[in-house]
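These are my notebook entries on a structure I looked up. The sequence and the model are shown first, and my entries follow.

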Amino acid sequence: GTDQLTVTDVLEMPDKTVLKVNMKSADKKGEDVYSNDIEYLCEDGVFKVSMESMMSSESMEAYKDMEITMTQNELQIPSDLTVGQDLPDADMEMVISSNGMQVMTMNMKITNRKVEAQESVTTSAGTFECYKMSQSMNMKMMFINKTYITTDWFSEGIGSVKSETHTESGKLDSYRILTAIT
């Protein structure tokens, strides 16, 4: 499938910059499967992503008539990356209730974040100098408990150029490659 990210607005403030992005995903047949508006924040030299933004608006629609309580520690990428650097963990807990009764709890934890290397990555969009970062992502929801290991090649000023997600046993689950910048 494909993901298309479109910057819809850039808000420059004295102490921070907010980047508003629309993300659309399509399956391998080109059918739209996902759309979400995401806000990225750059503050004090740290790129921040709300964990809440990782939830699709379509999946949240299922809970529109319920109460949702969400707590999180956002995903952060500092501007001064160095090989060997440990990065802060991120997590989110979402509790869904109906008429005061808890229906479901979902937890997402991103841990063991580390800058592994500096590498040059070439895609159809060009050649990029990247920091290779790895992390573990654990998702728990009802009877589901899955852990994935992700590796991301991040280029300053561009973002993610390439990423791979493996199951806990090491099997490749998915990958993404930047194919164009327009």
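I looked up Lys48 and found it in strand β4; strands here are DSSP runs of E, at least two residues, numbered from the N terminus. The model is predicted, so I note that local features need pLDDT of at least 70 and side-chain atom pairs count only at pLDDT 80 or more, whereas totals for chains, interfaces and linings use all residues. Residues are numbered from 1 along each chain as its sequence is written, and side-chain values use heavy atoms, with hydrogens and water left out.

Is Lys48 buried or exposed? I record Lys48 as buried, because its relative accessibility is 14%; buried means under 20% relative accessible area, exposed over 50%, and partly exposed in between, with a 1.4 Å probe and protein chains only.

I then looked up the partners of Lys48. Its side chain makes a polar contact of 3.0 Å with the side chain of Glu43. A polar contact is a pair of N or O atoms within 3.5 Å; within protein, one must be able to donate a hydrogen and the other to accept it, and residues adjacent in sequence count only if both atoms are side-chain atoms. Beyond neighbours within four places in sequence, Lys48 is in contact (heavy atoms within 4.5 Å) with residues including Glu39, Tyr40, Glu74 and Leu75.

Next I followed Glu43, which stands opposite Val46 in β4. Strands β3 and β4 run antiparallel and are joined by four bridges; two strands pair if DSSP finds at least two bridges between them.

I traced the sheet as well. It is open, with five strands in the order β1-β2-β3-β4-β6 and antiparallel pairing. Strands β1 (2–12) and β6 (75–78) are the edges, each pairing on one side only.

Between β3 (32–43) and β4 (46–49) I found a loop that holds Asp44. Asp44 has a positive phi of about 55° although it is not a glycine. Most residues other than glycine have a negative phi. Asp44 counts as exposed because its relative accessibility is 72%.

Where does Met142 lie? I found Met142 in the loop between β9 (126–141) and β10 (144–155). Met142 has a positive phi near 55° and is a residue other than glycine. With a relative accessible area of 58%, Met142 is exposed.
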